[in-house]
Amino acid sequence: VQLVESGGGLVQAGDSLRLSCAASGRTFSSYGAGWFRQAPGKEREFVAAVTWSVGRTWYADSVKGRFTISGDNAKNTVTLQMNSLKPEDTAVYYCAESSYRRLGSNWYAEKAGYDYWGQGTQVTVSS
């Protein structure tokens, strides 16, 4: 499975961006998808996730109310709508796909909860 992100760029604080992730090479439907981000010198952190079967979503506290994850498993796409962007949102954003549900209530926020990763797309928010 290959994941390719797009939609990153340079914006000003308060602006919006829409990231997209397209999957190819998948034989079976995935269980869910997620977005993570990594700022320079920091660990990769969870941003948002969705499970396709029940459409449940989760968000990091830092983006709740500003970001929205959505997608279409049948069309192999997942998007991240980012509104009211802040300079602290600056990072490389990665999409990830989970083939099955891991154990643990917080599996969606763990990097180990995903089987495939994209190459990332840069988002830079200027103040």
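Colleague: Where is the place of V1?

Modeller: V1 is placed in the segment before β1 (2-6). Strands are DSSP runs of E with at least two residues, numbered from the N terminus. Before the details, some conventions are needed. This is a predicted model, in which local features need pLDDT of at least 70, side-chain atom pairs count only at pLDDT 80 or more, and totals for chains, interfaces and linings use all residues. Residues are numbered from 1 along each chain as its sequence is written, and side-chain values use heavy atoms, with hydrogens and water left out.

V1 counts as partly exposed, at 26% relative accessibility. On this scale, buried means under 20% relative accessible area, exposed means over 50%, and partly exposed lies in between, for a 1.4 Å probe and protein chains only. Not counting residues up to four places away in sequence, V1 touches A23, S24, G25, R26, E97 and Y116; contact here means heavy atoms within 4.5 Å. V1 and W35, which are 34 residues apart in sequence, lie 16 Å apart in space, C-alpha to C-alpha.

Some of these names return at the cavity. A23, R26 and E97, which V1 touches, are among the residues that lie nearest the centre of the largest cavity, together with A33 and V78. In total, 17 residues line this space. Two or more lining residues come from each of β3 (17-24), β4 (32-38), β8 (77-82) and β9 (91-98). A cavity is a set of points on a 1 Å grid, over the protein atoms alone, where a 1.4 Å probe fits but cannot get out, and its lining residues have an atom within 4 Å of a point. The largest cavity holds about 90 Å³ of space, and the search of the whole structure finds one cavity of 30 Å³ or more. Its volume is the space filled by probe spheres set on the grid points, which are joined across faces, edges and corners. By class, the lining has nine nonpolar, five polar and three charged residues. In this count, Ala, Val, Leu, Ile, Met, Phe, Trp, Tyr, Cys and Pro are nonpolar, Asp, Glu, Lys and Arg are charged, and the others, Gly among them, are polar.

C21 and C95 form a disulfide with their sulfur atoms 2.0 Å apart; the term denotes a pair of cysteine sulfur atoms within 2.5 Å. The link of C21 and C95 is right-handed, with 45 degrees about the S-S bond. Because C21 lies in strand β3 and C95 in strand β9, the pair ties together parts that are 74 residues apart in sequence. C21 is buried, with a relative accessible area of 4%, and C95 is buried as well, at 0%. One disulfide is found in a search of the whole structure.

The nonpolar interior comes next. In soluble globular proteins, nonpolar side chains tend to be buried together. A nonpolar core is a set of buried Ala, Val, Leu, Ile, Met, Phe, Trp, Tyr and Cys residues joined through side-chain atoms within 4.5 Å. The largest such core has 34 residues, of which W35, V47, F67, I69, L80, M82 and Y93 touch the most other members. At least two of its residues are supplied by each of β3, β4, β5 (45-51), β6 (57-59), β7 (67-72), β8, β9 and β11 (121-126). Strand β5 gives the most, with five residues.

Apart from its neighbours within four places in sequence, L80 is in contact with L17, R18, L19, W35, V47, A48, F67, T68, I69 and Y93. T79, in strand β8, is buried with a relative accessible area of 10%. With residues up to four places away in sequence left out, the contacts of T79 include R18, L19, W35, T68, I69 and G71. G71 lies in strand β7 and counts as partly exposed, at 40% relative accessibility.

Finally, two loop residues deserve a look. Most residues other than glycine have a negative phi. N76, in the loop between β7 and β8, has a positive phi near 60 degrees. S84, in the loop between β8 and β9, has a positive phi of about 50 degrees. N76 is partly exposed at 26% relative accessibility, and S84 is partly exposed at 41%.

Notes: 1 Å grid on protein atoms, 1.4 Å probe; cavity = no way out; pocket = protein on both sides within 12 Å on 5 of 7 lines; lining within 4 Å. Helix = DSSP H or I, 4+ residues; strand = E, 2+ residues; numbered from the N terminus.
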